[in-house]
Amino acid sequence: MAQSDAVLDSIPALLARNAATFGDKAAYREKEYGIWQRWNWSDVAGEVEALALGLLNLGIHEGDFVAIIGRNRPYFYWTMVAVQSVGAIPVPLYQDANAEEMAYVLGHCGARFIVVEDQEQVDKVIEVQDQLHQFEHMIYVDPRGLRKYDHRRLHQFSHIQEQGRAAREEFLPELQARTERLNMDSTCVMLYTSGTTGKPKGVVLSNRNVIVTSKNSCEFDHLQPGEEVLAYLPMAWVGDFIFSIGQAYWTGFCVNCPESADTMMTDLREIGPTYYFAPPRFFEGQLTSVMIRMEDAGRFKKWLFRKYMDVARKVGPAILDGKEVSFGDRLSYMLGNLFVYGPLKNTLGLSRVRVGYTAGEAIGPELFEFYRSIGINLKQLYGQTEATVFITQQPDGEVRADTVGVPSPDVEIKIEDNGEIYYRSPGVFEEYYQNPESTADTKDAEGWVATGDAGFIEKSSGHLRIIDRAKDVGKMADGSMFAPKFVENKLKFYPDILESVVFGADREYCVAFINIDLTAVGNWAERNNVAYASYQELAGHPEVYNTIQAHIEEVNKSVAQDEMLSGCQVHRFLILHKELDADDGEMTRTRKVRRKIVGEKFNDLLDALYGGKSEIYTETEVTYEDGRKGSISATLEIRDVSVVPVNTKVAAE
Amino acid sequence: MNTMTENSTVGYVTDDGRQIGGTIMEMKNITLRFGGVVAIENISFDIHEGEIRAIIGPNGAGKSSMLNVISGFYHPQEGEVWFNGQKRPSMKPFEVAALGIARTFQNIALFKGMSTLDNIMTGRLTKMKAGMLSQAIWWGKAAREEEEHRQKVEEIIDFLEIQAIRKTPVGRLPYGLQKRVELGRALAAEPKLLLLDEPMAGMNVEEKEDMSRFILDVNDEFGTTIALIEHDMGVVMDISDRVVVMDYGKKIGDGTPAEVLANKEVIDAYLGVSHD
């Protein structure tokens, strides 16, 4: 990639370079009407220009904010770049946010233009438009059901493009002038953080943040123009912005958009991405479904699967890391690849993956090893919106389940006395929009940013290990360290457990709420003839309780091994009667548990856990997807769990 | 009350501002008997172009029989069926289909072993012109034709948001989705008049909402005239422009949902009458 960095100082500049250098190479694909439609880089340049001219025609100013609400589609990626090229700032939002959440963000950035996917999103914006003083025009991609709407402020995407094309002569000089004014310091994008606590904050990222980070990370993994990625993670998330725009425009690789959210697995198989990102939850779901199908397979197939998975576990990771492996083992691995791993990878759609990343949450060691053992180069990275994703990542050949890797290129890391991790890099965000206090709290004068996570750097390898959120690391009543995430992650590694929330700060002992995984436990119930009508009923089944109790006891043993954290063993637990849900505010939209809100909402259950009761009756309000509210009630069993005595843990074994 | 039926050829404007065209179908004094049982007794009503017309009534009121008369499956002993300004002679169901009338069934009637795609493709059957031989060797016109039909079918799949089950055998789908596939097959015929026999029967609230939206979207997007039978009063009143109410084979009400709801006979038929 020989190119002069001098002129490549914005995404529109990268687009122009791509259109000139490999104009007839695929840039985007989207499956529509059952066929993969394709746009080359030169097509994309045309589409983006038409839209940018159309936006000028609508009267867009430099510095305006343009909100983008929709699932991953080429049109929205073009919108981002078109908005940048007229000097405005794209703000992608989570499309599953409800109207109130949307109103806050749209009001906070004062979006004048909103580009949405379909009627559903149009309705949401119309519902809250009275609160939005700066809102002027809305543009939709899918006209279905919108014909009867008042079209004074509502426009169809393709019409805006047509108007832009028609007015090309008139507006082209203005567009060119505005695009030329962009430089490394101009704002590239504003992304709202999901906000584990409080209101979302708008993270302002400059072209420098995005372009330098993309360049560094592409070089780190030797990404090529020939890579294929599948864009399916929310567009509002910084990761998607970096993978599907930053890195894609830097190297010129192709971004593939699924036909719909439900067809993602089929589309994944058809595309066979070479570079792939998924959160641990996704890999977990895939593995669970593979295991469930293997349970139902014939005896010979089961035997074959087990035999070769043993081989894979033994030598797979070593082969992947290029280490020395005996000829016999290599041969059995090759056979395994022929009979099991190859077809399996193909079924999972991961045959061609050269670089795969997982991040966001800790990944279970067994899960991680499973994917690596069948030859998928799955690695971990640690990042934040404020860092333009990359803080640390694992280089090829140095991949382990319990670390998050070495600092990414150009990133400096320091650990404060309280264990909190700080970093400084070219990717460090400019500011939180209209929130100087939070900006100052997070980023100091020298550019160091507090991650809010506690961790340490392993001396032997130089890899970073994360313990927990720094503010969640607390003290128990007896002064010992309390790191709930540490325990929760161990619990979540069991396929039966979907979520767990551990409490214990300033208390005598720890207790836990458990969410069972309906797929895994439901399948178990089916095989063992356990009848159940609902999640609630299955969650309350005594056999399920026994299984979960056994898991927790295992975890307690493992927690007791760690001297610093042995106080965090779970003494009592209950299985919640409902799944934690973002619609009820119990989780963020990226599905991270909001510990404090869960604690407050289920206060009665916590009291019962600490009050020594053996069961508790409770009523909970739930919000349905359409915003209506209802309530569910249940009597929950509370169980005691055996723990390993802290001071005599060696003797107890 | 029946002001609208009197100027039936003119058309009208609905409350939400849609322009409804003139009469597309008119039932004149229909009487249908099975032996001694009178299923439909001297019923007349019309269906305007572009409207959503509902036929409601308690169990056994003769709704499905009425729909079967419209679709040409039953031939009434008395009365006339006028379609597109012409008196329709006794026809075979496939001849009626060729006129541009498509339907779905109360008990789903799909090919269970075939995929969603293939099922919807069967809806294009009346439009396929290539001969059997050229279809068998799949050459020239037959291949071109299949591509065109496939495109139409894919548009319907996209419209009904069933991309994820394109290749799934229909028998494996949940009930609500099968209903949607059946609607897709009816749409594939690009009908002028779409007959829906209890499209929401056996559905949960969410599935009903989805189906209602699709019915409204079909009407809005393709301008298809829709006649439907439905038990669920809430749904009917929400989505239809005009309603015919039947009870014991007779018409007891006809008009907009609001008019029908205010009709004493209708209230009596649905809520029962106290005899004191």
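**Exercises on a predicted two-chain model**

A:Arg465 lies in strand 21 (residues 464–469) of chain A, where strands (E, at least two residues) and helices (H or I, at least four) are DSSP runs numbered from the N terminus. The model is predicted, so that local features need pLDDT of at least 70 and side-chain atom pairs count only at pLDDT 80 or more, while totals for chains, interfaces and linings use all residues. Residues are numbered from 1 along each chain as its sequence is written, and chains are lettered from A and ligands numbered from 1 in the order in which they are written.

**Exercise 1.** Determine whether A:Arg465 is buried, partly exposed or exposed.

*Solution.* Count the other C-beta atoms within 10 Å of A:Arg465, which gives 14. Then apply the cut-offs, by which 20 or more means buried, 12 or fewer exposed, and anything in between partly exposed, with C-beta atoms placed from the backbone. A:Arg465 is therefore partly exposed.

**Exercise 2.** Describe how strand 11 of chain A pairs with strand 10 of chain A.

*Solution.* Pairing requires that DSSP finds at least two bridges between two strands. Strand 10 (residues 228–230) and strand 11 of chain A have three, in the parallel sense, and A:Glu228 stands opposite A:Cys254 in strand 11 of chain A.
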